[in-house]
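Subject: Handing over a two-chain model

Dear colleague,

I am passing on to you the structure below, together with some notes on what turned up in it. Please read the notes with the model open beside them.

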Amino acid sequence: MPNQTRPTSSRFLALAALTAALFVIACNAIADAPREITMGLVQKIFYFHVPCAWLLMLSTLVCAGGSVAYLFGGSESGDRVAVSASELGVVFGLCVLVSGPLWAKAAWGVYWQWEARLTSSLLLWLMLVAYVLARRYGGASARRLAAALALFAAIDIPLVYFSVRFFRSIHPSNTVVSTLGPGMRGAFWLSLLAFTALWWVLFSIRLATETTYARIVDLEILLDQAEEKKS
Amino acid sequence: MKMVALAYGFIWLAVFSYVFIVSRRLGRLNGEMDELRRRIDRLRP
């Protein structure tokens, strides 16, 4: 057993150290990035807001992928992947829904507008919250219902992404990254990379926790049977 | 400056809170594993 866990632990520690280093480099790059002319300092929220939005979508896609494997293939590991990703979707979705309005207050003068991008993002986050709540309090029977909910959440992703193109929206467009200056672009990609590495670290921990819990439940059933035989 | 600090602060707070929640779950799992070990020891002849 120690031979199995040690390489995993060292790989994990290396990834965690790499993530921390990436964040140090990214934060330095963000601090050094030039200020945007019209918005000034508040534009720097963008460097954390967009990576969080990307991770909200990534988490939803992974959750939906795992749910498909569970619904149509009966995959227990797919279900564990889905439940692990859903929690990260809730965390990073919350970060998007808080950091966005803080930027909006400075840029638009109001925290919230009921326009397509913001509303569809809120809807996506609420679906993930519903998934997590169903899994937490719904018992075993809610697993299939939650998996179906994850598929609905995945359908919302194109709506979130293309909402600024298809609907009248005051939200900045998807092409805003390509319009960034050289100093800003490097800081943005570094931040995106650091956040993606952080997501992978958190996802690995959460998935390992879920897998260990499933093994404990299996062992408890076996032990119950063995104890019955002995008595 | 206030909005930037609030946004960055909230994101870090959310991430660290989640790490704390997961670490508490890991602690509970360790407790359950200890209980399993005790039950296995009791079953051994």
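Chain A averages a pLDDT of 90, and 97% of its residues score at least 70, where pLDDT is the predictor's confidence in each residue, from 0 to 100. This is a predicted model, in which local features need pLDDT of at least 70 and side-chain atom pairs count only at pLDDT 80 or more, while totals for chains, interfaces and linings use all residues. Residues are numbered from 1 along each chain as its sequence is written, and chains are lettered from A and ligands numbered from 1 in the order in which they are written. Among the elements of chain A, the lowest mean pLDDT, 81, belongs to H1(A), and the highest, 96, to H2(A). Over residues 1-7 of chain A the pLDDT stays under 50, and for that stretch the model has zero contacts beyond four places in sequence; here two residues are in contact if their C-beta atoms, placed from the backbone, lie within 7 Å.

The two chains

Chain A has six helices and zero strands, and its elements run α-α-α-α-α-α from the N terminus on. Helices (H or I, at least four residues) and strands (E, at least two) are DSSP runs, numbered from the N terminus. Taken along the principal axes, the C-alpha atoms of chain A fill a box of roughly 75 × 40 × 25 Å. Of the contacts in chain A with a separation of 6 or more, 77% are accounted for by residues 24 or more positions apart. Of its 231 residues, 36% count as buried; a residue is buried if 20 or more other C-beta atoms lie within 10 Å of its own, exposed if 12 or fewer, and partly exposed in between, with C-beta atoms placed from the backbone.

Chain B, by contrast, comes to one helix and zero strands, and its C-alpha trace spans about 70 × 5 × 5 Å along its principal axes. Buried residues make up 7% of the 45 residues in chain B.

After H3(A) comes A:Gly109, whose phi is positive, near 90 degrees.

Not counting residues up to four places away in sequence, A:Tyr131 touches A:Cys63, A:Ser86, A:Ala146, A:Leu149, A:Ala150 and A:Ala153. Just after H4(A), A:Gly139 takes a positive phi of about 75 degrees.

Where the chains meet

The contact between the chains takes 28 residues from chain A and 21 residues from chain B. On the side of chain A that touches chain B, H2, H3 (76-107) and H6 (182-230) each supply at least two residues, and the largest share, 13 residues, comes from H6(A). The residues of that side divide into 19 nonpolar, three polar and six charged, where Ala, Val, Leu, Ile, Met, Phe, Trp, Tyr, Cys and Pro count as nonpolar, Asp, Glu, Lys and Arg as charged, and the others, Gly among them, as polar.

Two residues to look at

A:Val42 has its place in the loop between H1 (2-32) and H2 (46-73) of chain A, and it counts as buried because it has 20 C-beta neighbours inside 10 Å. Leaving out residues up to four places away in sequence, A:Val42 touches A:Trp103, A:Ala106, A:Ala107, B:Met3 and B:Val4. The C-alpha atoms of A:Val42 and A:Trp103 are separated by 6.3 Å, although these residues are 61 residues apart along the chain.

A:Pro158, placed in helix H5 of chain A, counts as exposed because it has 12 C-beta neighbours inside 10 Å.

With best wishes
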